Amino acid sequence: MSPTINEYWSAVLKRFRFRFMLELSGVSKSYGEKQILAETDLQIDAGMVTVLIGPSGCGKSTLLRLMIGLITPDRGRVQFEGADLSGTDILSVRHRMGYVIQDGGLFPHLTAERNVALLARYLGWPESRIKPRITELAELTHFPVEGLQRYPLQLSGGQRQRVSLMRALMLDPDVLLLDEPLGALDPLIRSDLQVELREIFRTLGKAVVLVTHDIGEAGFFGDRIVLIREGRIVQTGTLEDFMQRPADPFVTRFINAQRSPWDTAPGSES
Amino acid sequence: MMRRCILAIAACLMIVHSVPAAEPPLVRVASKSFTESIILGEMISELAESSGAKSKYLAGLGGTRLAWEALVNGEIDIYPEYTGTITQEILADLKLTTDAETRQALAERGIVMSQPLGFNNTYALGMRERHAEELGIRTISDLGKHPQLKFGFSSEFMDRSDGWPGLQKKYQLPQQDVSGLNHDLAYKGIVSGALDVIDLYTTDAEIAEYKLRVLEDDLGYFPAYDAVLLYRHELAEDAPRALAAILKMQEQITAAEMRRLNAKVKVQNQTEAQAAAEFLRSDLGVDVDSEEGTRSFWSNVSAVAHSIWLRTLQHLYLTSLSLFSAIVVAIPLGIVSAKRKTFGQIVLGTVGIVQTVPSLALFVFLIPVFGIGPVPAIVALFMYSLLGIVRNTYAGLHDIPPQLQESAEALGLPWMARLRLIELPLAARSILAGIKTATVINVGTATLGGFIGAGGYGEPIFTGISRGDVGMILQGAIPAAVMALGAQGLFELAERRLVPKGLRIKQHD
């Protein structure tokens, strides 16, 4: 079904009003003396997966939390659809974003179904709208319907991440923010979920920001990779850019730091 | 016209005003917490009723301070006291020497002292007869040669200026091993040999019962402790007939008579009311409708059951009211404490300090503000219940993993909804545990209500201690324990309902 003229024009107008879905300009963040993020600019566009990568404590999670307003920048501004987060109703902005964290962040006192529907129920959606939406999401995320009545502690790690994704997608948000969503899973499940997740991202075509420290995962998901080190963006581009045109020696070191299963001992390549 | 209206209104007011006068006056009687005082209080109460007045009797209200404060503050109208206590303790600062001076000082405080009741119940020191014989001790001076003797004095005697401190100075007594304890327990101590010397009242029934030797006050240290009645000045106007009836006690009770009455309670296990009624009947010719002497076994059982039931209601009233208000106040305090660090530290610190105040002291502190009876007891119990609930609410919320709090915030739920839908259910187990602990402590502490006239299970416990009646103590102690266990069971059931199922299941692996 092709879009109607009206839908087309409203999309064009939207496009005209703001350039990016999410735009961070000159944001910085410190905790006491310790600077977590130096002045940083970053734009996130719709229909694209942006991967934030870097060593632990480099500031990539901080960047993600700034985007959803869980923390506020010391300087600079964060804009969602052209409006400054500090000046808007942060709750309604969050309703248009989905957020998934490493362990899922599921509420242990609620069943999977209640976790997923929590916000919709709070907002007063009728059950006639909630039920089909959950069925649809369970299908999308390959989550077994019979698991919906289970509590988080009764689910496996992979299932919990599926439920967490369903919860993030419940209100059909424009932006999906994922902080190491597969970090706590064992390799086999992780590899399966990576494939499924990429499938889902492609189906949905949303603005996706994913934080990881695994370069393989970054290359697998990322339309664009942002490498961060000690609170600064070192390079932005595709995995190929990183290999062909590294911005500095750290980029090369970071890419090569992940051992292939075939080089068994240090120095075996020489 | 105007004048007529005013007259009519005035007439109405007069009618309204005169209505209470038609009702029998109420005389509020109290006694201190030992047998003799309780018996005298019973007499006062019965005599007041014999004149047609109503009486409310707070038996064994507490120590001297408590009874005196209650009288001065108008919480009670009358209680029995001793002249020595008035001059040496209550008004010691004034250094009163004559009877006229004492009456004058009391009058300035709105209090009237009756004529002596007829006996002098002064302090004395006593030892086991055989022990005294072995050591050759006859007088208090003789004690100076035996520094190894263990002394055990009633707490009041230990503290008051006319008690142990003055006695020690006067006789230069060398003893170091001196402990303060309840007067009735001191008797148990001397009989068992745990103590060698105790303080006595000269009308104590136990002197003969336990074969004690009363040591001679050879330096004439102890002042006269003539029993008198202290009453509020207003009593003469508000209930003149009742007062006249009460004052029939003046000059009627000899020391021997009083010792005999004390023995009836302490040794023959009669109630104070029975002893008082018998004296009134035989010596004053006042007939008291007391059927207690002729009770059958079964009517006794049903009377005990009835009194336990009444005390259960009183106890439940004290506990539930204080606990309910504590929950209503403490949970919000705990929530705010968890959200606002500085405020939280102040709140937790404050309720923590309240908890360190000894419970009996707290009950007594509250009397000047709230009077006697259930109100100060409920306030004290309320304050005691706060800490557990505030702290557990705070801890329950504080211990929610940060990633769950972050997830709730990232969903876009406003803070009230986060609290209601997520944080409070997650903290439910901890909050309930806090309430459970507070309840069990509350049920136990509420027994101290018996000390300040609040009723409850404490009443038979305190009466039982003063009479040395274990059965009486158990009448309070067993139901109190049962109530505490019951409350605990109730909370375990509540836990099953209130703690979400998802938090009670084992981890799936």
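Which element supplies the largest share of the lining of the second largest pocket? Before getting there, note that this is a predicted model, where local features need pLDDT of at least 70, side-chain atom pairs count only at pLDDT 80 or more, and totals for chains, interfaces and linings use all residues. Residues are numbered from 1 along each chain as its sequence is written, chains are lettered from A and ligands numbered from 1 in the order in which they are written, and side-chain values use heavy atoms, with hydrogens and water left out.

Back to the pocket (an open set of points on a 1 Å grid where a 1.4 Å probe fits, with protein on both sides within 12 Å along at least five of seven lines). The answer is α22(B), with 4 residues. The whole lining, meaning residues with an atom within 4 Å of a point, runs to 35 residues, and B:Ser33, B:Gly63, B:Ser155, B:Glu156 and B:Phe451 lie nearest the centre.

Over in chain A, you'll find 10 helices and 10 strands, taken as DSSP runs (H or I, at least four residues; E, at least two). Of its 270 residues, 49% count as buried, which is to say under 20% relative accessible area with a 1.4 Å probe, protein chains only.

Now look at A:Glu180, in the loop between β7 (175-179) and α7 (187-204) of chain A. A:Glu180 is buried yet has no salt bridge (a side-chain nitrogen of Lys or Arg within 4 Å of a carboxyl oxygen of Asp or Glu). The nearest side chain of opposite charge, A:Lys60, sits 4.1 Å away. Leaving aside neighbours within four places in sequence, A:Glu180 has contacts (heavy atoms within 4.5 Å) that include A:Lys60, A:Gln102 and A:His213.

Technical notes:
Buried means under 20% relative accessible area, exposed over 50%, partly exposed in between (1.4 Å probe, protein chains only). Lys and Arg count as positive and Asp and Glu as negative; His and the chain ends are not counted.
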